[in-house]
Amino acid sequence: MRPYLLKGHERPLTQVKYNREGDLLVSCAKNLQPCLWSAEDGRRIGTYEGHNGAIWTCDITWDSDRLITGSADQTVRIWDLPTGKELFQIRHREPCRAVKLSAGERFLAATSDAFIESPPAIHIYKFAENMEDQLATAAIEWTVPKGRVTRVFWTDCNRKLITSHDGGILRRWDVETGALLQEQQVHEDAIQDMQMAHDETHVVTASLDKTARLIDVDTFEVLKTYKTGRFVQSAAISPLFDHVVLGGGQDASQVTTTAAQAGGFEARFFHKIFQEEFGRVRGHFGPINTVAFHPSGKSFTTGGEDGYVRLHHMDMDYFTTKFF
């Protein structure tokens, strides 16, 4: 499996995301320009220029017409995805950490970090089809108990949100009132990433407690645990097989003191049901910060602290081998 090495960022990657069809890939990093790539051959299509801080997160509309990015420069920006033109800007008083469009794309959820005297918060915006009708003020917003919000997802036909936090906590919120409906400690340390399964019945969380966990969306029950012995920065669920891929490795501040093999900088494949590791993909020379499966399950992408995006198309062996 020979990966494509995509060099579009000088700073560490924060998120990679495919569009719904899987022909496009967006990468966000701590430098100022998200990049758009062809998911087939890794060709860079263009960049989105305008942010003045690290870009933590992005989301793509159903029809691949708009790109939404959230940044440490305290803005959420809406872009015309094919042309790279900035269409709208929502300005917060705090850095933006996570964004997510609702099912049907009538609403946009954005989370902001604690900043000076402002606590972390969740903001719900109406997402206009015509950008001339887009509003910069939130339809509803509420503050969050102590702990940065790392990821946000819509559930229950857009009636509820689930959020992951850096205290190892998952929370469920009522969208109309902002009421906290459920809170569950699922990790012993910060949750760095949370990704939804294709059928939206469960999520996988990645944590600094050196595990990833499969969690039921309705009950927050921990279904499976995948242990790595290294910090887990990101995890993704295959839409094709019962597989999960985990990315992470030794803390970035310690990287220069160890060899790449000792750092644990591989993408690690586990069987979703049996929790057994069956494969590793090496290549990055720093921790893997973000992983994503192609919507077909036939390829996956990793983004690392080293500034590289690695695009992997699976060999035929992956589809024919019975791992368990």
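This is a predicted model: local features need pLDDT of at least 70, side-chain atom pairs count only at pLDDT 80 or more; totals for chains, interfaces and linings use all residues.
View 1. A pocket is defined on a 1 Å grid over the protein atoms alone as an open set of points with protein on both sides within 12 Å along at least five of seven lines, and a lining residue has an atom within 4 Å of a point. Grid points are joined across faces, edges and corners, and a volume is the space filled by probe spheres set on the points. Of the 22 residues that line the second largest pocket, Trp56, Arg97, Gln192, Gln233 and Asn289 are the closest to its centre. Two or more lining residues come from each of the elements E2, E14, E18, E22 and E26, where strands (E, at least two residues) and helices (H or I, at least four) are DSSP runs numbered from the N terminus. The lining divides into six nonpolar, eight polar and eight charged residues; Ala, Val, Leu, Ile, Met, Phe, Trp, Tyr, Cys and Pro count as nonpolar, Asp, Glu, Lys and Arg as charged, and the others, Gly among them, as polar.

**View 2. The largest pocket and the strands around it.** About 1,400 Å³ of space lies in the largest pocket, and of the 50 residues that line this pocket, Lys17, Lys100, Phe153, Met196 and Glu200 are the closest to its centre. Strand E14 (149–155) is among the elements that give two or more residues to this lining, and E14 gives the most, with five residues. By class, the lining of the largest pocket holds 24 nonpolar, 14 polar and twelve charged residues.

**View 3. An open sheet of four strands.** The strands follow the order E22-E23-E24-E25 with antiparallel pairing, and two strands pair if DSSP finds at least two bridges between them. Strand E22 (232–237) and strand E25 (277–281) are the edge strands, each pairing on one side only. Strand E24 (residues 267–271) is joined to E25 by four bridges, and Arg268 stands opposite Arg280 in E25.

**View 4. The largest cavity.** A cavity is a set of grid points where a 1.4 Å probe fits but cannot get out, and the count comes to one cavity of 30 Å³ or more. About 50 Å³ of space lies in the largest cavity, whose lining includes Thr228, Phe231, Leu246, Glu266 and Arg268. Strand E23 (residues 243–248) gives the most to this lining, with three residues.

View 5. Rings of Phe, Tyr and Trp (its six-membered ring) pair if their centres lie within 6.5 Å, and planes under 30 degrees apart count as stacked, over 60 as edge-to-face and the rest as tilted. By this rule the count comes to 13 aromatic pairs. One of them joins Phe241 and Tyr318 edge-to-face, at 5.4 Å centre to centre and with 70° between the planes. Phe241 lies in the loop between E22 and E23, whereas Tyr318 lies in helix H2 (residues 316–320), 77 residues apart.

Terms used:
Residues are numbered from 1 along each chain as its sequence is written. Side-chain values use heavy atoms; hydrogens and water are left out.
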